[in-house]
Amino acid sequence: MTDLSQSPAGAAPQPRKHGGSLLEKTPRTKKRNASEARFKAYGIAAITAGLIMLLILVTTIVGKGTGAFQQTFVTLKVELLEEKLDKKGNRDIEDIKKVTTFGYAPIIKAAMEAAVAEYGIETSLKPKELAGILSKDVAAQLRDYVIANPDQIGQTVEFRFLASGRVDGYMKGRVSRDSIENDKNISPAQLDLVDALAAAGVLEKTFNLDFITGADASDARPEAAGIGVSMLGSLFMMLVVLALALPIGVAASIYLEEFAPQNWLTDLIEVNISNLAAVPSIVFGILGLAVFINYMHLPTSAPLVGGLVLTLMTLPTIIISTRASLKSVPPSIRDAALGVGASKMQAVFHHVLPLAAPGILTGTIIGLAQALGETAPLLLIGMVGFIASNAPETLADGLLAPNSAMPAQIYEWAKRADPAFYERAWGGIIILLIFLVTMNTLAVILRRRFERRW
Amino acid sequence: MPTFWLVALLLALAAVGFYGGRRRAVVSAGGDVKKLHSLPAYYGYHVSLAAFVPAVGALAIWLLAQPMFIETRVSGMIPAEAVPETSTLGLVMSDVRRVAEGLDLAVEQGLLTPKEARNAIAGEQDLRGLMGEVGVALGDSVRPEVLSAAQAYRNLSNTSRTIMTAVVALLAFGGFFWAYARTHKDFRARNVVERAVLALLILAASLAILTTVGIVLSMLFETRNFFGLHSWTDFFFGSTWAPNFRGDSELSILPLLWGTLYISFIALLVAVPVGLFAAIYLSEYASGAVRSFAKPLLEILAGIPTIVYGLFALLTVGPALANLFAKGGLLGVEWMAGATSVLTAGLVMGIMLIPFVSSLSDDIINAVPQAMRDGSLGLGATKSETVRQVVMPAALPGIVGAVLLAASRAIGETMIVVMGAGAIAKFSINPLDSMTTITTRIVSQLTGDTDFASPETLVAFALGLTLFVLTLGLNVLALYIVRKYREQYE
């Protein structure tokens with residue numbers, strides 16, 4: 001009211017500056033309203049931009065990756081000629097093993113010729129070019145079959161063979177007749193043959209389980225590459241992370257939240273944890289290389305080393321979320337436990353920890369999901385650059401034998417020159433994202449289902 | 001795997017200790033649990049912990065210290081003249097390790113008797129062929145001093161292993177019987193166990209310090225080696241990055257730093273406006289329904305692994321930009337040489353940082369007291385005027401902190417720049433040029449065949465240390481600003 005009393009006494013109320021009615025908008029009001037609308041529009045535009053980015057990302061991944069789950073196969077009847085595979089005819093497995101994959105080439109050529117003749121396809125291609133539409137993996141596949149079933153020699157057996165990467169690309173629309181002009185791996189005549197075989201139903205595109213369960217393949221055979229073995233590598237790394245990061249993280253959080261006195265040591269630990277959470281992941285890779293590999297001589301490329309590095313990286317995440325869930329347990333629980341004679345340790349371990357468990361679990365799953373997608377540190381400890389071709393058989397093998405991990409495998413494929421590997425990389429991302437979405441959904445469900453509001 | 005069996009033995013001993021200790025306590029009380037000082041299980045825990053923890057601790061320390069000890073002993077045995085001109089002690093040592101490993105494998109597979117392995121003399125047998133047979137590839141034939149060093153290495157490791165097993169077993173059984181003997185109905189088992197558990201908790205918490213120390217020490221050590229081989233003035237103030245494996249490389253951080261900062265700047269140019277406006281809209285304008293729909297969707301962007309963004313940059317954004325700006329592109333200009341460029345990496349990194357900026361700013365804007373908004377609105381300001389003139393100035397320090405955190409993320413980001421930015425180190429202001437960053441160079445210098453005695457490899461540690469200091473500085477500054485700002489309104 002002081003403002004009013006200071007105004008000159010007796011002065012008549014000022015008329016409206018711009019005159020006119022309140023209901024009529026002055027230019028200034030209009031300007032202000034327009035700027036309000038503009039401001040709001042910026043906000044909507046920003047959100048829309050973010051969501052559109054997400055949409056583009058998801059459609060790109062799905063659009064380019066689903067192809068990897070399908071593969072072109074050629075169904076052929078192959079006569080396993082005795083004079084080629086077992087010249088002595090005594091079915092001695094050692095003799096059969098002596099025939100290299102090279103020795104199987106004529107059989108495959110003959111099978112292709114037979115198929116062409118059977119469906120009455122006219123082609124000027126030589127037998128070698130006929131077999132060129134099949135994957136380079138076929139001979140090895142055939143040899144494995146013969147060694148496993150020597151009694152089938154001399155019979156005619158029906159096989160489903162992988163088509164070569166170029167043929168597969170043609171069936172999926174990635175390779176066109178224009179794009180192969182300078183390609184020495186495939187010719188237009190071979191594509192004519194592919195069309196004819198597809199029309200005859202010999203060559204078809206079906207679901208490819210091998211991509212999900214199989215091993216990586218060399219540069220020349222993109223059609224045979226799968227992500228299964230590196231998935232196991234990731235699994236073993238996650239086991240290490242879970243076995244180390246969860247107990248250590250929970251123990252550290254219990255100390256900091258329930259027992260730590262306010263002193264310089266506690267402060268130092270807390271500052272360290274919050275800083276470690278923001279250290280770039282590649283720095284953890286350098287640490288792993290310097291300490292675990294150079295100093296301790298643990299094997300390069302081993303999931304154990306990857307797991308150790310990822311443990312150090314995930315610990316801050318787990319500690320931060322565990323502390324939050326310990327903090328959310330009300331002090332009355334502790335007081336009640338102490339009141340009936342429990343020791344401090346008993347109050348924490350018997351009452352606070354079980355009540356905080358859902359929150360801890362949620363945080364752990366989110367930490368694991370983060371570790372699962374991490375790539376940069378794995379590059380430094382050597383989990384790329386080779387072909388992870390054998391699935392580990394024992395636990396020790398799984399931890400110590402060289403392997404890749406899903407994100408490292410995807411990076412490896414993205415580096416290769418053949419576009420057929422890019423499709424594999426996008427497909428691998430779909431699988432990786434399925435894992436991450438599952439884990440995050442699980443975390444959300446756990447939180448919804450068990451979280452208590454006090 | 002003897003270590004594995006040792007751990008299994010310790011676990012078994014701990015399990016036996018639990019039941020034994022508990023039983024002994026109950027028996028000493030004549031079967032009446034009420035006469036015990038602590039609950040029966042505590043007597044069991046007491047014996048298990050005493051048998052397990054000191055032994056495992058000794059095992060871990062031994063395994064950590066053993067390589068260092070043996071390395072120094074064995075490398076002291078190699079005379080300086082045995083190291084060829086073109087090689088270094090480190091390389092000779094790795095040969096020694098490989099030969100030792102080969103001998104171990106040969107003994108394991110029965111190609112050599114342990115005695116033959118101990119007494120093998122270089123030149124007498126084809127050791128290289130033998131090593132090849134067991135899967136250890138050697139560059140050239142085994143030289144006598146390498147072989148004798150390898151035999152010493154094997155001897156020392158074997159002795160060390162035997163002593164380790166003895167020490168660990170002694171500690172385990174000693175702890176077991178000591179604790180078992182102390183178990184009595186009047187023994188304060190709970191207090192002892194709780195003190196031990198507290199010590200373990202403190203140990204777990206100190207691991208964070210240990211990790212930081214490990215990071216700093218490992219990088220400092222190798223960085224010192226690097227500066228012993230390469231002048232620090234060239235590293236910090238030179239102008240060219242040209243690693244050359246024949247030696248005399250120019251390794252300057254400045255072009256890399258320029259690429260890093262340029263890409264981060266573009267990323268922030270994308271992320272800050274979008275993220276900030278999204279946060280403002282979500283916290284000031286959006287209805288509950290929009291908020292609960294848009295916020296989690298935006299945050300999905302933060303949960304996508306960086307390899308996905310990297311692939312997106314390499315295979316989608318890069319080619320799309322090349323379609324516009326490269327030779328034969330839609331715009332008919334030739335500003336871009338390939339698909340990798342600063343803009344490619346910067347744009348994609350910007351997308352990645354949007355949720356980071358928006359959720360941090362959202363928290364900060366929400367922390368501005370409602371009374372300030374109400375005051376402004378009550379005076380007749382529109383909502384946008386309130387945001388611009390009241391909320392933003394109040395939230396500014398916090399938002400600056402958030403941007404600094406985002407910048408530190410951008411500087412340390414690896415996969416996007418490895419796949420999207422290119423490999424050419426240069427100073428250029430054209431955002432369509434391919435440039436390289438600190439993190440990409442770390443990856444390329446440390447992958448593949450690395451020789452830890454050449455400056456070209458060691459420079460990665462100096463780069464890593466610089467990166468660590470840079471991001472740490474930004475984080476500390478940002479956290480300081482954010483914390484200071486929070487206190488203002490609490």
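Q: Thanks for looking! What is the chain like over residues 163-181 of chain B, in helix and strand?
A: Residues 163-181 of chain B are 100% helix and 0% strand, with the end C-alpha atoms 26 Å apart. Helices here are DSSP runs of H or I with at least four residues, strands are runs of E with at least two, and both are numbered from the N terminus. One caution: this is a predicted model, where local features need pLDDT of at least 70 and side-chain atom pairs count only at pLDDT 80 or more, while totals for chains, interfaces and linings use all residues. Residues are numbered from 1 along each chain as its sequence is written, and chains are lettered from A and ligands numbered from 1 in the order in which they are written.

Q: Which residues of chain B does UniProt list as "transmembrane region"?
A: The unreviewed UniProt entry gives 45-65, 163-181, 196-221, 256-282, 302-325, 337-357 and 458-482 of chain B. Those positions are in the numbering used here, feature names are shortened, and annotations may be inferred rather than shown by experiment.

Q: And how much helix is there in 302-325 of chain B?
A: That span of chain B is 92% helix and 0% strand, and its end C-alpha atoms lie 29 Å apart.

Q: Switching to chain A, what does UniProt have for "transmembrane region" there?
A: The unreviewed entry for chain A lists 41-62, 235-256, 276-295, 302-322 and 425-446. Of these, residues 41-62 of chain A are 100% helix and 0% strand, with end C-alpha atoms 31 Å apart.

Q: Where does α7(B) bend?
A: At B:L207, by about 30 degrees. The bend is the angle between axes fitted to the seven residues ending there and the seven starting there.

Q: What end-to-end span should α7(B) have?
A: With 41 residues at 1.5 Å a residue, α7(B) should span 60 Å, and its end C-alpha atoms are 58 Å apart, which agrees. The expected span is 1.5 Å times one less than the number of residues.

Q: Last one: how is chain B divided into domains?
A: Domain 1 of chain B covers 3-187 and domain 2 covers 241-489, with bounds from an automatic or database domain assignment. Their C-alpha centres lie 47 Å apart.
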